[in-house]
Amino acid sequence: MKNNLLFINQNQELIQEFQEAMNLYMIESPFEIDTADNGLDAALLLKKKNYKVVITGLGLSPYDGTKIIEYLNQNFPQTVCIVYTWRLELAHLKLLINERKVFRIFQNPTNYHNMYEAILDAFIKYDRKEADNMDKQDLEKSLKNATLKISELNRVISTRQWEKQELVKFLYSFLNVFTNDTRTEFSEKEQKQFVHYEKKLLLFLLANNQNPIETIEDVEQNIYKRFLYPEQQKNINIKVNENLGTLSQSFCADIHFIIWILLTRFAMLSSVYNVQITIIPVTKERSRIRIESVFPEGVWGVLHEQKTVRIITGITQSILECFSAKFTQSLSDEKVIYYLEVDHKNQSLQYL
């Protein structure tokens, strides 16, 4: 994608001034410039074309600058936003930086050379975001393909324990080679994080036949055994609605996997957690799972500033979306809540 930007301002003279200034500076690093003098025209352009950078004023109509930025945050999170305005209150400044994730703020009149340098930095920031997103998609695709292959191999060798052990050794070697080939930009510590997480997934898939989950009671017993340690401030409580009735083995297996993969993720992030899990019926064919985890203050937000943590969390959420009919989440620095709906007749784990 070529470097491009959208400049939005209600003052036509300021638009012309900006274009003339950029024409002087961008001889060595040219980029495309589109302009709009109102919020409606800007919205129409944003629906037709993707922009790396958007520079907007605040006093626009019928959509003001903050609405434009909010729209970009929600629909085009890679787009880098810069504000260019006449006047800015302190409260507005905090909103733009803390909640709207604005990259730079300039007040008129400004030094256009400084703005030009900020635009070049914004292009770099966009490209890095895009690269991170591609890394995530590649990892998700690789994990999905590997899971399909592993499930097929597991089906073939499920009755021959020695072959399963050899397969585990082979897969571990494969993971390390895969990590070295595709993640050379990460540190050794970051690479080990990926391998550790993926090995946990492989072990779960390969061991599932040895201890089949058949009932909700099996789910509770297995989860408590793996993750409940009150003396270490690792607390888990599973509440099952009495109206659930008799549940199929495949549904119980799905529920167990969903809870297991989230708790595995939580345990990797924090040595302390408090998790409340509620399972209630929605219809005769579907149930809802609510998983709420509370961490020490600030832990979740701080850790998710790390690229590796964000990617692994993205992989986890992509897997959960495959195993649920509906999937939503609510996040804060110390609390994360997942809502999932699972069909009772879901056959997703029966092949394992």
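## A tour of the predicted fold, stop by stop

Among contacts in the protein between residues at least 6 apart in sequence, 70% join residues at least 24 apart, where contact means heavy atoms within 4.5 Å. This is a predicted model, in which local features need pLDDT of at least 70 and side-chain atom pairs count only at pLDDT 80 or more, while totals for chains, interfaces and linings use all residues. Residues are numbered from 1 along each chain as its sequence is written, and side-chain values use heavy atoms, with hydrogens and water left out.

**The whole chain.** Of the 352 residues in the protein, 43% are buried, where buried means under 20% relative accessible area, exposed over 50%, and partly exposed in between (1.4 Å probe, protein chains only).

**Helices α2 and α3.** Select residues 39-48 for α2 and residues 65-75 for α3, whose axes come within 10 Å and cross at roughly 15°. Axes are lines fitted to C-alpha atoms, for helices over the stretch in contact, and angles run from 0 to 180 degrees between N-to-C directions. The two helices are therefore roughly parallel to each other, since angles under 35 degrees count as roughly parallel, over 145 as roughly antiparallel, 65 to 115 as roughly perpendicular and the rest as oblique. Show side chains for Gly39, Ala42, Ala43, Leu46 and Lys47 of α2, together with Ile68, Tyr71 and Leu72 of α3, to see what makes the contact.

**The Asn108-Pro109 bond.** Next, zoom in on the peptide bond from asparagine 108 to proline 109, which is cis, with omega near -5°. Proline 109 lies in the loop between β5 (104-107) and α5 (112-157).

**Helices α8 and α9.** Now select residues 216-227 for α8 and display it with α9; the pair packs at an angle of about 15°, with axes 9 Å apart. That makes α8 roughly parallel to α9. On the α8 side, look for Ile216, Val219, Asn222, Ile223, Arg226 and Phe227, which meet Cys252, Ile255, His256, Ile259, Trp260, Leu263 and Thr264 in α9.

**Gln233 and Val272.** Follow the chain into the loop between α8 and β6 (234-240), where glutamine 233 is placed; this residue has a positive phi of about 60° although it is not a glycine. Then pick valine 272, in the loop between α9 (249-269) and β7 (273-281), which touches Gln232, Gln233, Phe295 and Pro296, not counting residues up to four places away in sequence. Valine 272 and lysine 234 are 38 residues apart in sequence, yet their C-alpha atoms are 5.4 Å apart in space. Valine 272 counts as partly exposed because its relative accessibility is 23%.

**Ser293.** Is serine 293, the last stop, buried or exposed? Serine 293 sits in strand β8 (residues 286-294) and is buried, with a relative accessible area of 0%. Display Phe266, Tyr273, Asn274, Val275, Glu334, Lys335 and Val336 around it, as serine 293 touches these residues when those up to four places away in sequence are not counted.

How values were computed
Helix = DSSP H or I, 4+ residues; strand = E, 2+ residues; numbered from the N terminus.
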